[in-house]
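This report covers a pocket and the packing of some helices. The sequence and structure come before the details.

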Amino acid sequence: MDAISRDGAWVLFCEWTESDSLRKHALAVEAAMRAYAGRFGEDEELWAVTALVHDLDYERYPELETRALKELERLGYPQEVIDAVAGHADFLEVPRETQMAKALYAVDEMSGFVTACALVRPTGIEGMKPKSVRKKMKQPSFAASVPRDQLERGAEELGIEMNEHIQVVIDALAEHADELGLGPREGAATDAE
């Protein structure tokens, strides 16, 4: 069914989302989800689809509604995708029972945080290390909207040590640096950290 293909999910997300930054966020989460799917021997396409639709209603219905879940149901998305999408939103109190749901929760905010870190570095994501991300995590004013407890909880639920988790996300996003706007800025020094 085309509606649950990666391309179908991307078309659906773009129909609901105009913001370039939210589109890049979905692509970043997709990259990280694919990395974990490969690591765990899971279905990369299914995990990519889940990543792409995880914030489906974020722009259109920012008042914490669940219209995306109803839309995904209506379109025939697998229940495991719907459950993972529901589980990534703490306010819904849906337990994250599958590896895919735990991975989505773990990479969602971390992808955003790593992106924020890369955007303030002259070299972008190139050469970024977990140590520099952890240092930024300790600065409450940096990317203040990212809940630090969720970053920690996500890695813990996934069963991955924090530095390793950060590195997985960095590596996944680095593979798509140009598409995500995370490459070095013109004229940037290449040894900055």
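## Pocket and helix packing

About 910 Å³ of space lies in the largest pocket. On a 1 Å grid over the protein atoms alone, a pocket is an open set of points with protein on both sides within 12 Å along at least five of seven lines, and lining residues have an atom within 4 Å of a point. The volume is the space filled by probe spheres set on the points, with a probe of 1.4 Å.

This is a predicted model, in which local features need pLDDT of at least 70, side-chain atom pairs count only at pLDDT 80 or more, and totals for chains, interfaces and linings use all residues. Residues are numbered from 1 along each chain as its sequence is written, and side-chain values use heavy atoms, with hydrogens and water left out. The pLDDT, the predictor's confidence in each residue from 0 to 100, averages 92 over the protein, and 93% of the residues score at least 70.

The lining of the largest pocket has 38 residues, and His25, Asp55, Tyr58, Asp108 and Glu109 lie nearest the centre. Two or more lining residues come from each of helix 2 (20-40), helix 4, helix 5 (79-87) and helix 6 (99-119); helices are DSSP runs (H or I, at least four residues) numbered from the N terminus. Helix 6 gives the largest share, seven residues. By class, 21 lining residues are nonpolar, nine polar and eight charged. Here Ala, Val, Leu, Ile, Met, Phe, Trp, Tyr, Cys and Pro count as nonpolar, Asp, Glu, Lys and Arg as charged, and the others as polar.

Two helix pairs follow, with axes fitted to C-alpha atoms over the stretch in contact and angles from 0 to 180 degrees between N-to-C directions.

| Pair | Axes come within | Crossing angle |
|---|---|---|
| helix 6 and helix 7 | 10 Å | roughly 100° |
| helix 7 and helix 9 | 9 Å | roughly 110° |

Helix 7 and helix 9 are therefore roughly perpendicular (65 to 115 degrees). In contact (heavy atoms within 4.5 Å), Met110, Phe113, Val114 and Cys117 of helix 6 meet Val133, Lys136 and Met137 of helix 7.

Definitions and conventions:
Parallel < 35°, antiparallel > 145°, perpendicular 65-115°, else oblique.
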